[in-house]
Amino acid sequence: MSRRKRMMEDLDQDIRDYLERETQDNIERGMSPEEAHYAALRKFGNVTRVREETREVWSFLWFEQLWQDVRFGLRMLGKNRGFTTAAVITLALGMGANTAIFSVVSTILIHPLPYSGPRLPYSDPDRLVWITEYWPQLSEIVGSTPVVMPDYLHWRAQNQVFQTVAAYGFGRSGLDLRDKGDLERVAAAGVTWNFFPMLGVRPALGRSFLPEEDRPGGPPVVILSHALWQRRFRSDPNLVGAMITLNEKGYAVIGIMPESFHFPDDWSPELFTPLGLDPNLNWDSPSVGAVNVIARLKPGVSLHRAMSDLITIHQRSAKGVPSMAEGLAKIQVRLETLHEHLVGNIRPLLLILLGSVGFVLLLACANVANLQLARAATREKEFAVRAAIGAGRGRLARQLLVESFALAALGGVAGMILGAGGVTLLKHWGPPTIPGLLTVGFDPWVFAFIAAITAFAGIAVGLAPVLVASGLNLDETLKESRPSTTRGGAAQRMRALLMISEVALALVLLTGAGLLIRTFVRLNSVDPGFDPRHLLTERITLDLGQHPNPAQWAPFFQSVLERVGGLPGVESVAAADSPPLTDAHSGNLEIEGRAMPRGELLTALVNIISPSYFHALRIPLISGRNFTPYDDGSAPRVVIVDEVFARRYFGQEDPVGHRIRIIDGSWYSIVGVVRSTRHLPLTTAPSGEFFVSYLQHPIYSMTLVVHATSDPASLAAAVRSKVQEVDPDQAVFDVATMEERLSQAVAPQRFNALVLGIFAGVALILAGVGVYGVMSYSVTRRTHEIGIRRALGAQQHDVMRLVLRRGAGLALAGITLGLGGALALTRFLSSLLYGVTVRDPLTFVAVSLILAGVALMANYIPARRAAKVDPMVALRYE
Amino acid sequence: MSTKEQRERIELLQGTLDLLILRTLLPGPAHGHAIAKAIEFKSDDVLQVEQGSLYPALHRLIKRQWISAQEGTSENNRRAKFYRLTAKGRRQLAVETSKWQKLAGAIARILLPAGQEGKS
């Protein structure tokens, strides 16, 4: 630093010395001293510039000038409050939206799962795999299924490819936690003892399960989730080692999971017990069920190799059971990484959102670039003067870029704040189908992303004015007293280009949003097959310890139905295993007199209901008769099928009178046909369902469906008290009105439509403002020309037509370009759409018209202003 | 557009100017004005040293350690800055000179067969 300073001081002295000598020479040539001095100065040239260039040799100048530029730029921005505010707000909107969406993408898609594994060499969460099985018949309807227990046991014992194989299962509906008379049903999972160690998580308090606890008839021990411990036990640290009551049985609490632990599934159990599988279970054991299997690969083992190992073990064990070997051989094994299993479904949506929000940012940048262009035009003189006193082109360009970067940085900071707000909103409104949404926050990736988009915005915003400014013609600009009408072709073209791309970007976003909105509307207008109004649903699950005898089940529900039906405000009440808008179960069946190829079975959804079901839900009977209370255990077995079932298995024939055989092995006569209803997801068309009365096929868990005469939600407490009149220990859970369920069923689509709709709305506004800005600026520039035209006899409408024609031409070009882009891009939306195609003509036409309308409006205002130009004023206009 | 041509000329001059400065300093140290005068005088005023580029060039050479600057007293007893060729600069002068001669020779071979006499 000091060396440079000395050098510069020396330089000043040197230049003085030089000038003195030159002056002296000139005097000796016979000039007067004054003349000589000026001649010397003239010959030497621009002292400032020489100093700067010399200083530049010492290379500190670059930073110095940058600092100057920054200060100057900030001063200019400060002077131009209106411009700065508009630009920063625009950029902040774009960057805020990007920040929010990227936070979600970063947390959910980029981050590894928070299961680092045991502290072994090579441990990493990417080696966790999710294993499912694919059954030829069943899986076509329900997809891959959990692993059948014998497979899990054989794999655990014989595999060569995994470090650990662990499993978990959910109790059908959780455990009843009793605490001082208060009863709550809590979601519970049974896990193998090695489950938590495999994930690399250990309880925050207490210990994990021991191998000897994980066996049939093992000791009653339980681990609690942090949330449950907090909620129900006020984070009591002495709870570990204490007893709690679950399903009226004492359990010893041995551990509390850490707060950061998330169960690797769509839903989060709050109680964990040992799974307790019998290791000797085999294919022919009566209690064979399925478990969810997660395993940790040995280092260097591929998914493919692991899969073939598992298949080999499966085939070998299947051969050991000749009676079932043929069917078992058809089962396929599927492996995917746990990460893919958890986020694979949501990835397309998140990437689409990220892409859309990127478009919004591009639009914001285009808009601000436009503002910058307009401002640069008014600063032409300033630039020309600076160039004349020695600023190089690079220097001017840098000045503009510095200003753009300052804007971008301000926008970035504001955007970060908006983004944080956006994340909060997303967490609040996001559908539960996005796993891990609640864990979203700012991480280093997000900050890096903000830095990257800020840099991008700085360049994007600054580039256009720089390109235009470097085409500036000094002599002309300095001579001119007002902005020229004839020059500035580069700027005009640039502005037109920006306007076209803004319109195009907005159109692509509008199309996407349009398709998603149409999807939402279509889904809302889907006929669920029943009337969802006035319905309240509550689940009742009997404790099998208390009610071990199936003969007790039907009477229990019968008396509940009677009591609830007697409540004031209850029009009717029914019970069902899986009412509409819930997950349905499928079952195999056989039709009397119809020979099936060996090993193949027909399937349909099974629903077990009370006779009042169709009445309470207003599901119309199409033919035959309804169940009656007399269709009970002692009466002939009867079944009702829905119309899809009838069409699928009986075609035009009336199924009434035919007999089918179902799971329990009995023959049931078809007595009626009803309208089909929809289960979850709502987008799935009915696939055929049959109904059996609970009086003939009792089950221990059913959902009450109460048809209220007025507001159904207000009945919840009364219904619960009626249930507890029958059994004070009976818990009621999963209480919701049917309309709430319906609303939940469309929540993902509503979220998609809402978010993309907001983006498209912002895009529409930005594009409108952009078009307005460009056209308005063009009119201002042409005021003089318009004045002449008017003076020469052009009418108001001629002038309007002149302006509108250009605006409309540009807008049309943008729309055409945008339509092309939309046609190319909407196919990425296909997985999110329902009831509309990716090239839905109605959407394409509608959004084009909307955009054209907005562009026309934005165009019309400046056009009118142009038409109203007073020729006299315009000609004098300087 | 005119500026672009100017810039090209300056850039062409820069390397040449460096060479001329080094050559001028070969007999002994000199101050800035003397260097400029010397170049103009020795080239019969064909080469007008652009004053604007002299000082940046001098400093560039100092930075490359081809010349050094020191305080001195000039003939009429005034303090002035004297520039002196360093050993490194001397070597560089040899390199630059031979390069220049090659270039000049090459250009001459291209131009001469055309037979047209230049301005001079």
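The model is predicted: local features need pLDDT of at least 70, side-chain atom pairs count only at pLDDT 80 or more, and totals for chains, interfaces and linings use all residues. Residues are numbered from 1 along each chain as its sequence is written, while chains are lettered from A and ligands numbered from 1 in the order in which they are written.

**Chain A overall**

Chain A has 28 helices and 24 strands. Helices (H or I, at least four residues) and strands (E, at least two) are DSSP runs, numbered from the N terminus. The radius of gyration of chain A is 38 Å, well over the 29 Å that the globule rule gives for 878 residues, so chain A is more spread out than a compact globule. That radius is taken over C-alpha atoms, and the globule rule is 2.2 Å times the number of residues to the power 0.38. The C-alpha trace spans about 135 × 70 × 55 Å along its principal axes.

Of the 878 residues, 41% count as buried. A residue is buried if 20 or more other C-beta atoms lie within 10 Å of its own, exposed if 12 or fewer, and partly exposed in between; the C-beta atoms are placed from the backbone. Among contacts in chain A with a separation of 6 or more, 82% link residues 24 or more positions apart. Two residues are in contact if their C-beta atoms, placed from the backbone, lie within 7 Å.

**Helix α13(A) and its partners**

Helix α13 (residues 347–378) of chain A packs with helix α18 (residues 489–524) of chain A: their axes come within 10 Å and cross at roughly 160 degrees. That makes the pair roughly antiparallel. α13(A) also packs with helix α24 (residues 747–781) of chain A, at about 15 degrees with axes 10 Å apart. These two are therefore roughly parallel.

Axes are lines fitted to C-alpha atoms, for helices over the stretch in contact, and angles run from 0 to 180 degrees between N-to-C directions. Under 35 degrees counts as roughly parallel, over 145 as roughly antiparallel, 65 to 115 as roughly perpendicular and the rest as oblique.

In the α13(A)–α18(A) contact, the α13(A) side includes Phe359(A), Leu362(A) and Leu363(A), and the α18(A) side includes Met494(A), Leu498(A) and Leu505(A). By class, this contact has 14 nonpolar, five polar and two charged residues.

**Chain B against chain A**

The contact takes 13 residues from chain B and 20 residues from chain A. On the chain B side, α2 (32–42), α3 (51–63) and β2 (79–85) each supply at least two residues. α3(B) gives the most, with seven residues.

Most residues other than glycine have a negative phi, and most peptide bonds are trans.

A cis peptide bond joins Leu680(A) and Pro681(A), with omega about -10 degrees. Pro681(A) is found in the loop between β21 (667–674) and β22 (689–693) of chain A.

Key:
Nonpolar A, V, L, I, M, F, W, Y, C, P; charged D, E, K, R; others polar.
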